[in-house]
Amino acid sequence: LANAGVHEQPVYEPGKPIEYVAQEYGLDPTQIAKLASNENPFGPSPKAMAAAQMALKTAHLYPDGSCCQLRSAIAELRGVGEDALIIGNGSNEIIELLGHAFLRPGLEVVMGAQAFIVYKLITKLFGATPVEVPMVDFGHDLKAMRAAVTERTRLLFVASPNNPTGVANSEAELIELAESLPEHVILCLDEAYAEYLEQAPDLRAQVHAGCKVFCMRTFSKIYGLGGLRVGYGYGAPELIQLLQRVRQPFNVNAVAQAAATSALKDDAFVQMCRSENESGRACLVAGLEAIGYPTLGGQANFVLSNVGDGTAFFQALQQRGLIVRPLAPYGMAAYVRITIGTEAENLRLLDVAREVAQNTG
Ligand code: PMP
């Protein structure tokens with residue numbers, strides 16, 4: 001084991017599951033609200049659940065390894081070619097496929113200093129070097145990121161909106177960055193929260209023009225399927241072909257494929273989630289600010305709040321059955337990230353936060 005060579009690799013530690021928290025604090029699991037992982041508080045769409053149930057009937061068969069139906073549904077919705085799409089076991093897997101295809105020791109990956117943590121984990125896993133660029137006003141500084149590119153850079157990650165800060169970059173600046181990158185660098189645009197934007201950026205023209213842009217999306221957020229693990233990548237067919245070579249033959253299970261295909265077509269559900277998210281964001285920002293916590297609403301399905309001591313706040317809330325995400329691991333010890341919940345969850349969060357503020361204030 002000592003020779004495994006992965007001892008330096010950090011362990012990814014997502015928050016504790018509801019059942020664990022319930023047991024630890026002697027709480028009823030049904031009374032716990034998890035607002036820590038930017039999941040959809042409205043659950044999966046009923047259509048996706050029905051499709052998943054149907055798919056279980058043929059669970060003895062291997063899934064379609066090339067995800068034909070799902071790719072075709074995405075291609076139609078997004079107006080792109082099926083050969084420009086790859087489906088993954090969550091977009092996390094797609095990020096890993098990028099590592100398999102492009103990263104080796106000695107190469108570099110440019111990312112924001114407070115960006116989605118998996119970029120750094122995957123970069124290190126393949127022995128490459130993460131180059132972290134300071135953010136400006138909680139957003140990606142695309143000019144500084146461009147300036148950090150060297151001969152050794154292969155990937156440049158921009159999450160827009162970014163997790164954990166919620167700030168998005170404009171379409172114009174993303175296009176400018178894409179067009180300015182040298183041939184040997186791929187702009188990996190992580191659009192996990194793009195469906196929450198009024199208008200998601202459209203980089204299809206840049207994809208058509210060459211291989212330098214790769215966009216990723218997920219079914220874990222607005223589509224409410226985080227537990228089923230489905231995400232996808234969109235890019236030039238030549239790039240997609242490379243990623244197809246490094247994935248497992250049956251990387252996305254049949255239930256997930258069926259649910260995702262139906263979720264994509266349930267526009268009414270998506271619209272409802274988007275509009276509830278907008279009002280929930282306004283409610284949380286106003287409520288947290290009124291308590292005295294400066295709060296950034298962002299453009300995703302979570303808010304970023306400066307509560308003084310994020311870890312203490314997280315613990316105080318957890319004891320009361322509310323799970324949020326402290327941001328000390330991102331070097332933001334004063335902050336917590338709070339997923340926008342249902343109206344009832346948001347109001348409860350504010351009640352508890354008020355009580356905690358009075359006790360500590
Ligand atoms: N990118 C970003 C920016 C995210 O916030 C997340 C999930 N938290 C992911 C990717 C991974 O999503 P998935 O569930 O599809 O692996």
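1. First, a term: two strands count as paired if DSSP finds at least two bridges between them. By that rule, β7 (residues 213-218) and β8 (residues 231-235) form an antiparallel pair over five bridges, with Arg 217 bridged to Tyr 232 in β8. Helices (H or I, at least four residues) and strands (E, at least two) are DSSP runs, numbered from the N terminus.

2. A word on the source: this is a predicted model, where local features need pLDDT of at least 70 and side-chain atom pairs count only at pLDDT 80 or more, while totals for chains, interfaces and linings use all residues. Residues are numbered from 1 along each chain as its sequence is written.

3. Now the whole sheet. It is open, has seven strands and mixed pairing, and runs β2-β8-β7-β6-β5-β3-β4. The edges are β2 (85-88) and β4 (129-133), each with a single partner strand, so one side of each lacks a neighbour in the sheet. On average, neighbouring strands are turned by 20° against each other, direction ignored.

4. Two helices to look at here. Helix α3 (residues 68-78) packs on the sheet, touching β2 and β8, and its direction makes about 125° with that of β2. Helix α5 (residues 118-125) lies across β3 (108-112), β4 and β5 (153-159), at about 170° to β3. Axes are lines fitted to C-alpha atoms, for helices over the stretch in contact, with angles from 0 to 180 degrees between N-to-C directions; contact means C-beta atoms, placed from the backbone, within 7 Å.

5. On to the ligand. There are 13 residues around the ligand, and Gly 90, Asn 92, Asn 163, Thr 218 and Ser 220 come nearest (near: C-beta atom, placed from the backbone, within 6 Å). Helix α4 (residues 90-102) gives the most to this shell, with three residues.

6. Next, a helix pair: the axes of α11 (residues 267-291) and α13 (residues 343-360) come within 10 Å and cross at roughly 10°. That makes α11 roughly parallel to α13 (the term covers angles under 35 degrees). Among the residues that meet are Cys 283, Leu 284 and Leu 288 in α11, and Leu 350, Ala 353 and Arg 354 in α13.

7. Finally, the domains, whose bounds come from an automatic or database domain assignment: domain 1 is 18-43 + 268-360 and domain 2 is 46-265. Their centres, taken over C-alpha atoms, are 26 Å apart. In the contact, 22 residues of domain 1 meet 17 of domain 2. On the domain 1 side, α11 and β10 (302-306) are the elements giving two or more residues, and α11 gives the most, with four.

Methods
Parallel < 35°, antiparallel > 145°, perpendicular 65-115°, else oblique.
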